[in-house]
Amino acid sequence: MTDQRDEYDDEETVDDDLAERLADVDDDLADQRAAALRSGLSDYELDEDDLEVLEHSAEGEEGIRYLPALPVIAIVGRPNVGKSALVNRILGRREAVVEDTPGVTRDRVSYKGEFLDRRFTLVDTGGWEPDARGIDASVAAQAEVAIDLCDVVMFVVDATVGATATDEHVVRLLRKTKKPVFLVANKVDDARQEPEAAALWNLGLGEPYPVSALHGRGVADMLEEVFKVLPQVSAVAKDEFGGPRRVAILGRPNVGKSSLLNKAAGEERVVVNELAGTTRDPVDEQIELGGKIWRFVDTAGIRRRVHLQQGADFYASLRTQAALEKAEVAVVLLDVSQPISEQDVRIIDLVLESGRALVLAYNKWDLLDDDRRRYLEREIEKDLHHVAWAPRVNISARTGRHLEKLVPALETALESWDTRIATGKFNAFLTELTQEHPHPVRGGKQPRILFGTQAASRPPTFVLFTTGFLDPGYRRFIQRRLREIYGFEGSPIVVNMRVREKRQR
């Protein structure tokens, strides 16, 4: 982990009386000042999206706005049919690894995309191939997971090769699903290869869409058809309002996720086995804990089969992402008897990317000796300093020790995640902060913050209208001061910038 510290992270630069000064600001006066700043934006070039954000800024503290779960498109198919090239073509940027070797796609499986002014999540199931014998089973297992977790399936076939036995294997699964399936005949680079695509009608999946992921031919036409059936909000990972708060239990295999769920439930709900990865499906359980009902999603790694050794982590990460889409807060379980691993950090980063609230649970605390405790504190400082704001509980899932501490931590994180700061207060905060610590001059210019508003909660998302680009260090400084004044313990904070220029008179 690199330690991203800068001039603003130096404690000495921080004025300790900011909270006192803000407490002295009258709410009505703060609102009047914010309204004046807001009207000053009329001198700047604003687009429709800006105006929508500004309209929302007038809603006040209760105006919590929920960001809907984006619809999910899954791309499935056997190795080397061009799935990653198609991902890059749809996204309009090079994200997925493209090589001539089958099965190079590994970790990164989910991407955010936009087409025809609609945003969506694209899941690339990769061409993961453990060995030649297991190929049918592995591709089919992938397809099964992807079908489970998406709204629309794109099934990619190499038109120059035609349908293979592996393709037939997947087709049988796809015929059973009630979800829309688009048969993509890839590598149709010109009209001469159209008949090869037409031959795929006999798969029984309807009309094949001839495309060239490499050259872009036919991709936009196919996407237009996809978007006719793609829901606005994901039916799989849709936001649910009301009801018990939803908790995802995450962690690397064999860290104690199922034991934690069983202990919390007070009974054996999930199979616990010394073998890593014995849980296959996320199990939704309503559990009473601390006098409240919670819905727990246990997402332990998918069951490992002999020929799926490597691939199990791949499926587990797909399921982790699906569970996060359904959850509001994630409990990441860390095994204190083992050093903090790259995989632990990657799981925490998945939570941050998803924008969910976060609680860190240090499991097997009863097994800790003094030496290991000292090393652990150093590891936390080095590898997890970027989530120092997350509530921490030290527990034993096996014995149930300190499990009751999980509830206040969850409540704190969710309260932060739901928090909305009134526009008047937020602009008073920005004014006081920038007067005391203005942004440094860069290239002869000093960027100014014209106006700020909280555009959304869950997670708290702030938009700053500025006259120039703010340094990443300055943005982190604003985030840190927001935490110091308003708490936000257990919730990520998003700070977006909109650099706007004055209108030409």
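Strands S1 and S3, the latter covering residues 118-124, pair in the parallel sense over 4 bridges, and in this predicted model they belong to an open sheet of 6 strands with the order S2-S3-S1-S4-S5-S6 and mixed pairing. A further open sheet is formed by 3 strands in the order S13-S14-S15, and its pairing is mixed as well. The chain as a whole has 15 helices and 15 strands, and of its 505 residues 52% count as buried.

- Strands of a sheet pair through backbone hydrogen bonds, in either the parallel or the antiparallel sense.

- S1 spans residues 72-76 and is mostly covered, with 5 of its 5 residues buried.
- The side chains of S1 are divided between two directions: Val72, Ala74 and Val76 point one way, whereas Ile73 and Ile75 point the other way, and all of them are buried.
- Helix H4 (residues 83-91) lies across S1, S2, S3, S4 and S5, and runs at about 165 degrees to S3.
- Helix H8 (residues 219-229) packs on the sheet as well, touching S1, S2, S3, S4, S5 and S6, with a direction that makes about 155 degrees with that of S4.

**The sheet of 3 strands**

- In the sheet with the order S13-S14-S15, the edge strands are S13 (449-456) and S15 (494-499), each pairing on one side only, and the twist from one strand to the next averages 25 degrees.
- S13 and strand S14 (residues 461-466) pair in the antiparallel sense over 6 bridges, and within this pairing the bridge partner of Thr453 is Val463 in S14.
- Helix H14 (residues 423-436) packs on this sheet, where it touches S13 and S14, and its direction makes about 140 degrees with that of S13.

**Leu470, a buried loop residue**

- Leu470 lies in the loop between S14 and helix H15 (472-486), and it counts as buried because its relative accessibility is 0%, where buried means under 20%.
- Leaving aside its neighbours within four places in sequence, Leu470 is in contact with His439, Pro447, Ile449, Leu464, Arg475, Ile478 and Met497.
- Leu470 and Gln446 are 24 residues apart in sequence, and their C-alpha atoms are 9.2 Å apart in space.

**The chain as a whole**

- Among the contacts in the chain with a separation of 6 or more, 74% are accounted for by residues 24 or more positions apart.
- The accessible surface of the chain comes to about 23,600 Å², and 48% of this surface belongs to carbon and sulfur atoms.

Conventions. Residues are numbered from 1 along each chain as its sequence is written. This is a predicted model: local features need pLDDT of at least 70, side-chain atom pairs count only at pLDDT 80 or more; totals for chains, interfaces and linings use all residues. Side-chain values use heavy atoms; hydrogens and water are left out. Buried means under 20% relative accessible area, exposed over 50%, partly exposed in between (1.4 Å probe, protein chains only). Two strands pair if DSSP finds at least two bridges between them. Axes are lines fitted to C-alpha atoms, for helices over the stretch in contact, and angles run from 0 to 180 degrees between N-to-C directions. Contact means heavy atoms within 4.5 Å. Accessible areas come from the Shrake-Rupley method with a 1.4 Å probe; for residues, only the protein chains shown count as cover.
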